[in-house]
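The entries follow the display.

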Amino acid sequence: MTKYIFVTGGVVSSVGKGITVASIGTILKSRGISVSVQKLDPYLNVDPGIMSPYQHGEVFVTRDGAETDLDLGNYERFIDIELTADSNVTSGQIYSTVIARERRGDFMGGTVQVIPHVTTEIKGRLRQLAQKSQAEVVLVEVGGTVGDIEDQPFLEAIRQMRNDVGRDNVLYIHVTLVPYIGSTRELKTKPTQHSVGELRRMGIQPDVIICRADYPISEAIRDKISLFCDVERRAVIPLVTVDSIYEVPLVLEEESLGDYLVERLGLPAAKPDLADWRHMVGCLRESRDPVSIVLVGKYVELEDAYFSVREALCHAGLFHGRTINLTWLHSEELEKNGELPIALRSAQGIIVPGGFGERGIEGMIKTVRYARENKIPYFGLCLGMQLMIIEFARYAFASDKPHSTEFDPATAYPVISLMPEQKLVSDKGGTMRLGNHPCHLVPDTRAAAAYGAEQKVVQERHRHRFEFNNDYRGTLSQAGLVFSGLSPDGRLAEICELAGHPWMLACQFHPEFLSRPNRPHPLFRDFIGAAKDVLREGAQPTLPLAAEE
């Protein structure tokens, strides 16, 4: 029978449950135990697909096209698995399903209630993932914090699972903050005690308490939490803030959490093998030469909006033995200012990630032009590819009119436009090209070289509606734009690169979703490989600044 580990959070949000869950998956997998993961999100949105990045951060896309919470990206990166839509469940999904069943008459006219109907639907999603994945352990993160009113149906459902599958097949972990009070210079356990008390009122007694803190947790504090929260002393696990999230599995392993979970759940397990992970973390801790990369986006105030991009850059830097010195520039500021900032003028590489909406677009286009004219390695992701094409079309046609119909429906040069089948779509949610799609690589291109000669077709994850307009393929190809990755029918441009440029490449998909700490995505790897060889002297570019058009 599948074992379930439920992870809840207390005191404050953003305490690190997602990284903790991903790290637990890592240490279990290192023992040869198969793992799958699920995130239960309490918000009423069906998914984060049309939520503002400022509200939710990055939208992570699974291979089957589900738009999900960014924590699923951490699960995939740490555990090195590919998840599906079954791994992200929201209150919106649950209530939509229950109401639809009520409208169909599935409940035979009975009164529909949170208990048992909503909780039964939640438990059904838990069992569905267990059945489909056939994993020995299903890790389940409950979003939010204990005490949130919207969390109560989820907490009640995971409480019921203890009776449904047996106490020996369920384990509860509570991640809580142990705050430091500066005036008295001490850590306080009372918030943890209150949080556990609230969890108990829901009928759940945690088996493990993971104590997040910015300062070392003394043995006396662990003893106190064990006593007042009725948890085994060895199951009170300190987790002090570390320099890199990739250190967390090693911290938990050193605290013998893996051994405790195996013992408590009766799991057949091999001796843990984290040698590769330890080597990777050791390399991260070493002093390395920096590579200056500038990310130009429209949501840079919240770095979590580009979480996977940042991590993919880190993975590529690690591969090359370099530290990524990442500077965030807001595209709207570039749009307003006449002069380019020093950070951009001293960049060894420039990356423009995905996004939606017209705000800040001209600032990104200015960035693309600077990279093209000054021969700076450039990597465009999704929107970053569309803007590279727009900028190049403006250069090729000697006009500022080429644009995307997303931003200028009346443009005379619609080099980026909707797919024909999307032009009549009115709903914004769930209408895009999502998930894995094949890309045929064109031989003798930078893209083909990155993936390797043996790779003719690759699967990459998409999240967009607009595409390159093939009416302009011939003209732009003659001008020097190389379409180096195409859909199997040749109809859709998936990757483009600029002939005669040291490294200027963009893709319509999101390669950051497939990057791993020990296995960087080939395009990120080669982008950093090109950028690290660019010599910039302080704030002065190697080549003169391009004149403004």
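I took buried as under 20% relative accessible area, exposed as over 50% and partly exposed as in between, with a 1.4 Å probe and protein chains only. The model is predicted, so I kept local features at pLDDT of at least 70 and side-chain atom pairs at pLDDT 80 or more, while totals for chains, interfaces and linings use all residues. Residues are numbered from 1 along each chain as its sequence is written, and side-chain values use heavy atoms, without hydrogens and water.

Entry: burial and salt bridges. I looked up glutamate 311 and found it buried, at 7% relative accessibility. Its side chain meets that of arginine 310 in a salt bridge at 3.3 Å, N to O; the term requires a side-chain nitrogen of Lys or Arg within 4 Å of a carboxyl oxygen of Asp or Glu. Arginine 310 is partly exposed at 24%. Arginine 310 also forms a salt bridge with glutamate 303, with the closest N and O atoms 3.6 Å apart. Glutamate 303 is partly exposed at 34%.

I then checked glutamate 255, which forms a salt bridge with arginine 222 at 3.5 Å between the closest N and O atoms. Arginine 222 is buried at 9%, and glutamate 255 is partly exposed at 26%. I noted 42 salt bridges in the structure.

Entry: network. Which residues do salt bridges with shared partners join into one network? I listed Glu76, Asp80, Glu82, Arg461, Arg516 and Arg519.
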